[in-house]
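User: I am new to reading protein models, and I would like to go through one with you by asking questions. Could we look at it together, please?

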Amino acid sequence: MAVIGLGTVSVVHLAAIDKLDVELVGVSEGRYRDHRLLLDELRPEVVHICTPHDQHVPVAIDALERGAHVLLEKPVAHVLGEADRLVAAAKDHPALTVGVCLQNRYNLASVAAKKLLASGELGAVVGGSGTVLWHRDDAYYDARPWRGQLRRSGGGVLINQAIHTVDLLQWLLGEVAGLSSYTGHFASREVEDTVTAVLDHAGGARSVFFATVANAVDSPVTIEITTERAVLTIRGDLTIRHADGRVEVITERRADGGGRDYWGASHELLIADFYRSLRAGEPFPIDLEEGMTSLRLVDEIYRQNT
Ligand SMILES: NC(=O)c1ccc[n+]([C@@H]2O[C@H](COP(=O)([O-])OP(=O)(O)OC[C@H]3O[C@@H](n4cnc5c(N)ncnc54)[C@H](O)[C@@H]3O)[C@@H](O)[C@H]2O)c1
């Protein structure tokens with residue numbers, strides 16, 4: 001396998017593959033080596049794409065055209081039209097897998113909540129909320145200017161940070177049938193720093209969503225889901241408060257220092273599962289279509305606010 005884009009997030013990819021029976025044959029870092037040279041000369045079977053948002057689809061298509069499976073960092077693309085190009089290219093290569101790094105679906109808390117909700121034992125879902133209160137200052141944008149450039153990132157807090165929470169809300173509460181939203185630019189940047197949305201899920205539940213990087217500190221992301229028989233709170237750990245007074249806690253794995261704490265500890269699980277799926281010849285759960293779901297919601301929110 002090979003890693004393309006050796007910036008901040010690549011560290012967790014390299015750490016994860018180090019623990020697997022996988023050979024790293026090369027890396028490509030934009031300024032030093034063209035990724036097409038790497039693909040042509042080293043012919044990796046799998047390519048991890050850890051580049052800025054506007055460099056996801058061109059690199060992914062190049063990899064598919066050379067016969068490599070692709071593990072793509074989120075979001076699928078900086079804009080929906082670009083992502084659609086990848087969807088078309090992937091259809092031309094049905095034997096190749098494209099996976100998307102929405103690693104929070106692998107959090108123990110997310111998996112346990114999904115299983116409990118699907119089991120029906122807590123009754124129907126009444127509604128939910130998702131809150132992302134994070135801090136990103138000028139130094140964050142100055143360090144990687146693409147993050148603040150609309151034409152390269154596609155947006156701010158929503159597409160870059162809170163896409164994980166939007167994804168979990170739709171994954172846990174069901175497909176979003178309609179939404180209504182506002183975005184805010186409290187700091188004078190090209191990209192938004194604050195978003196609020198009301199999501200109406202197909203099953204009838206409603207969730208509210210608030211995300212900002214204008215908070216003074218990084219608070220743990222919080223997702224709360226109320227069902228007929230319990231309230232589930234994911235805030236790192238999953239706490240289940242049953243209507244009969246019982247309280248259960250599912251403890252989350254802790255990040256081991258390989259990446260930033262707020263990325264969570266699940267890149268490793270997702271990457272291991274990606275290789276397990278490839279070896280077993282099974283579909284990878286977060287395929288391109290799954291990755292597109294949150295990008296379509298992000299696109300809808302941006303379209304409502306331009
Ligand atoms: N899943 C997560 O929780 C998570 C966390 C952080 C970042 N990310 C995502 O990872 C991606 C990268 O983010 P980052 O913070 O590491 O960015 P970064 O700017 O630190 O790193 C990107 C690197 O890619 C290189 N690059 C650009 N174009 C290239 C090309 N065509 N070929 C080879 N290298 C190229 C750049 O020089 C840079 O070093 C983004 O999509 C981001 O949203 C995901």
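User: Which residue takes a positive phi in the hairpin of S12 and S13?

Analyst: This is a predicted model, in which local features need pLDDT of at least 70 and side-chain atom pairs count only at pLDDT 80 or more, while totals for chains, interfaces and linings use all residues. Residues are numbered from 1 along each chain as its sequence is written, and side-chain values use heavy atoms, with hydrogens and water left out. The hairpin has 4 residues between its strands, and the one with a positive phi, near 100°, is glycine 245.

User: Over how many bridges do S12 and S13 pair?

Analyst: Strands are DSSP runs (E, at least two residues) numbered from the N terminus, and two of them pair if DSSP finds at least two bridges between them. Threonine 239 stands opposite valine 249 in S13. S12 and strand S13 (residues 247–250) run antiparallel, and the number of their bridges is 4.

User: Which residue has the positive phi in the hairpin of S11 and S12?

Analyst: Strand S11 (residues 230–235) pairs with strand S12 (residues 237–242) in the antiparallel sense over 6 bridges, and the partner of isoleucine 234 in S12 is leucine 238. There is 1 residue between these strands, and the positive phi, near 75°, belongs to glycine 236.

User: Which strands stand at the edges of the open sheet of 8 strands?

Analyst: This sheet has mixed pairing and the order S7-S8-S9-S6-S10-S11-S12-S13. Neighbouring strands in the sheet are turned by 10° against each other on average, direction ignored, where axes are lines fitted to C-alpha atoms and angles run from 0 to 180 degrees between N-to-C directions. Because each edge strand has a single partner, one side of it is left without a neighbour in the sheet, and these strands are S7 (176–184) and S13.

User: What is the order of the open sheet of 5 strands?

Analyst: Its edge strands, each pairing on one side only, are S2 (26–28) and S5 (98–101). Strand S1 (residues 2–4) pairs with S2 in the parallel sense over 3 bridges, and glycine 26 is the bridge partner of alanine 2. The pairing in this sheet is parallel, and the order is S2-S1-S3-S4-S5.

User: Which residue is joined to lysine 74 by a cis peptide bond?

Analyst: Most residues other than glycine have a negative phi, and most peptide bonds are trans. Here omega is about -15° for the bond between lysine 74 and its partner.

User: How far does a polar side-chain atom of lysine 74 lie from an oxygen atom of the ligand?

Analyst: A polar contact is a pair of N or O atoms within 3.5 Å. An N or O atom in the side chain of arginine 147 is 3.2 Å from a ligand oxygen, and for asparagine 160 a polar side-chain atom lies 3.5 Å from one. For lysine 74, the distance is 2.8 Å.

User: How many residues of the shell around the ligand are charged?

Analyst: A residue is near the ligand if one of its heavy atoms lies within 4 Å of it, and of the 28 residues around the ligand, those coming nearest include Thr8 and Glu29. Asp, Glu, Lys and Arg count as charged, Ala, Val, Leu, Ile, Met, Phe, Trp, Tyr, Cys and Pro as nonpolar, and the others, Gly among them, as polar. The shell has 8 nonpolar and 14 polar residues, and the number of charged ones is 6.

Notes. Polar contact = N/O pair within 3.5 Å; in protein donor to acceptor, adjacent residues only side chain to side chain.
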